[in-house]
Amino acid sequence: MSPASPEPFTLLQGASWLTPAGEVIPVPSFHEEWMHEHPELSRGAHNVCELILRTGWVSAALFSGGYLELMVPERRSEALRNLLREFLARNASRWSKALVMSMDEEGYAMLEPGDLADDRLFAARLGSSV
């Protein structure tokens, strides 16, 4: 991580990537534009969905009012659930609703900070489709 990199699991206003290790990579514009500017990190992916599936990274976009959009490789693995729960819990005061879109299936989950109360509730909410 470079000196200018945010602390692990930091939720940034705007767009960023969250790696499986918790590293946060700021995206100053749009994820697609960032990919074209960083081909060495994009690993040959042609679009955001492809990059997420190849790397296991999470696309995060925090909007005003605490609305958060997360694009994830899948929603059902324990590793991904633990990554998201850690990320969301550390930043609970910064978001109010989180839309979680999975790249491997149809549907999405809508989360609220109260869903972090325990792992079983979080797993159920994350695994359900709205």
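Biologist: Why does D115 count as buried?

Modeller: This is a predicted model, so the values are computed from it. D115 has 9% relative accessibility. Buried means under 20%, so D115 counts as buried.

Biologist: What makes D115 and R125 a salt bridge?

Modeller: Their side chains meet at 3.2 Å, N to O. The cut-off is within 4 Å, so the pair qualifies. D115 lies in the loop between β6 and α5, and R125 in helix α5, so the pair ties together parts 10 residues apart in sequence.

Biologist: Why is R125 called partly exposed?

Modeller: R125 has a relative accessible area of 30%. Buried is under 20% and exposed is over 50%, so R125 falls in between.

Biologist: What makes E112 and K97 a salt bridge?

Modeller: Their closest N and O atoms are 2.5 Å apart. That is within 4 Å, so the pair counts. E112 sits in the loop between β6 and α5, while K97 is in strand β5.

Biologist: Which residue forms a salt bridge with R90?

Modeller: E86 does, with the closest N and O atoms 2.6 Å apart. Both lie in helix α4, four residues apart, about one turn of the helix.

Biologist: Which residues of α5 meet α4?

Modeller: D119, F122, A123 and L126. Among their partners in α4 are L84 and L88. By class, the contact has six nonpolar, one polar and three charged residues.

Conventions
Residues are numbered from 1 along each chain as its sequence is written. This is a predicted model: local features need pLDDT of at least 70, side-chain atom pairs count only at pLDDT 80 or more; totals for chains, interfaces and linings use all residues. Side-chain values use heavy atoms; hydrogens and water are left out. Contact means heavy atoms within 4.5 Å. Helices (H or I, at least four residues) and strands (E, at least two) are DSSP runs, numbered from the N terminus. Ala, Val, Leu, Ile, Met, Phe, Trp, Tyr, Cys and Pro count as nonpolar, Asp, Glu, Lys and Arg as charged, and the others, Gly among them, as polar. Buried means under 20% relative accessible area, exposed over 50%, partly exposed in between (1.4 Å probe, protein chains only).
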